[in-house]
Amino acid sequence: QGKTVEIPVLVGDDTNEGSTFAYNASDASDMSRFLNANYPGLSSASLAAIGDAYPRMRPVADHAAYFPSASAAYGDAAFTCPGNRIAASMADHLPSGRVWSYRYNVRAPELVDEGLGVPHIFELSAIFGVGFAGNSEITSYNGINANAVATVMDYWISFVKALDPNPRRRSQAPRWEAWKPGLGQRLKIQTNTTAMEPIPPQQADRCSLWRALAPEMEI
């Protein structure tokens, strides 16, 4: 009905959203069975289209050949694409410059070595503080990724206090530009190299596929 509450929005995801959920698929058929188990309404043609969109990817440690593809597909379907859709929809309804999106790409060696990359909600320890939430046992937050914690906390504190992540951000942190209608962009949060980035065309195409499949998926 077009009814929205006009409050600022901050939404985002992690680079490897699906890695802690995905089946350790060995081939394309394994991946299709995994996705069909989660979304039984998907037709054979739709599963084939998903397979085309997520071919075999670069291997990761301790996992079978099609795990990265299954992880990417599930992560996009369940988290990344819905987040992008929320950002785009709210940007169409809110006053300019009131929607911010991010991709969390702070890499912990422990998780990379396990083949998980940057998994779902890995940013919690950086948002709330090490020891208070999330994967506090990940020692990189007290070591090589310590700078990411301070950067993230200040963005979030600024958003809570000023309804904008920028006024109270760290002096060396880049300005977090808003998502604008027709211009999908987000902050890539990465230790010592945080910067703005556009939504990649491949991801936009994949998200269009998931949106088209939403009726079959009953979401």
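**Charged side chains and rings**

Modeller: The count comes to four salt bridges, where a salt bridge is a side-chain nitrogen of Lys or Arg within 4 Å of a carboxyl oxygen of Asp or Glu. This is a predicted model, in which local features need pLDDT of at least 70 and side-chain atom pairs count only at pLDDT 80 or more, while totals for chains, interfaces and linings use all residues. Residues are numbered from 1 along each chain as its sequence is written, and side-chain values use heavy atoms, with hydrogens and water left out.

Among the salt bridges is the one between R103 and E197, whose closest N and O atoms are 2.7 Å apart. This pair links distant parts of the chain, with R103 in strand β2 (residues 99-104) and E197 in strand β4 (residues 195-198), 94 residues apart. Strands (E, at least two residues) and helices (H or I, at least four) are DSSP runs numbered from the N terminus. R103 is buried at a relative accessible area of 15%, and E197 is buried at 15% as well. Buried means under 20% relative accessible area, exposed over 50%, and partly exposed in between, with a 1.4 Å probe and protein chains only.

E197 also meets R186 in a salt bridge, at 2.8 Å from N to O. Here too the pair links distant parts of the chain: R186 is in strand β3 (residues 185-189) and E197 in strand β4, 11 residues apart. R186 and E197 are both buried.

Another salt bridge joins the side chains of R175 and E177, at 3.8 Å from N to O. R175 is partly exposed, with a relative accessible area of 44%, and E177 counts as partly exposed at 30%.

E17 is a charged residue without such a partner. It is buried yet has no salt bridge, and the nearest side chain of opposite charge, R186, is 9.6 Å away. For this, Lys and Arg count as positive and Asp and Glu as negative, while His and the chain ends are not counted. E17 is found in the loop between β1 (9-14) and α1 (28-38). The side chain of E17 makes a polar contact with the side chain of H120 at 2.6 Å, and it reaches the backbone nitrogen of D14 at 2.7 Å. A polar contact is a pair of N or O atoms within 3.5 Å; within protein, one must be able to donate a hydrogen and the other to accept it, and residues adjacent in sequence count only if both atoms are side-chain atoms.

Turning to the rings, the structure holds 12 aromatic pairs. Rings of Phe, Tyr and Trp (its six-membered ring) pair if their centres lie within 6.5 Å; planes under 30 degrees apart count as stacked, over 60 as edge-to-face and the rest as tilted. F34 and Y74 form a tilted pair, 5.7 Å centre to centre with 50° between the planes. This pair links distant parts of the chain, F34 in helix α1 and Y74 in helix α3 (residues 67-93), 40 residues apart. Both F34 and Y74 are buried. The rings of Y54 and W210 have centres 6.2 Å apart and planes at 45°, so that pair is tilted. Ring pairs also link F21, F34, Y74 and F79 into a cluster.
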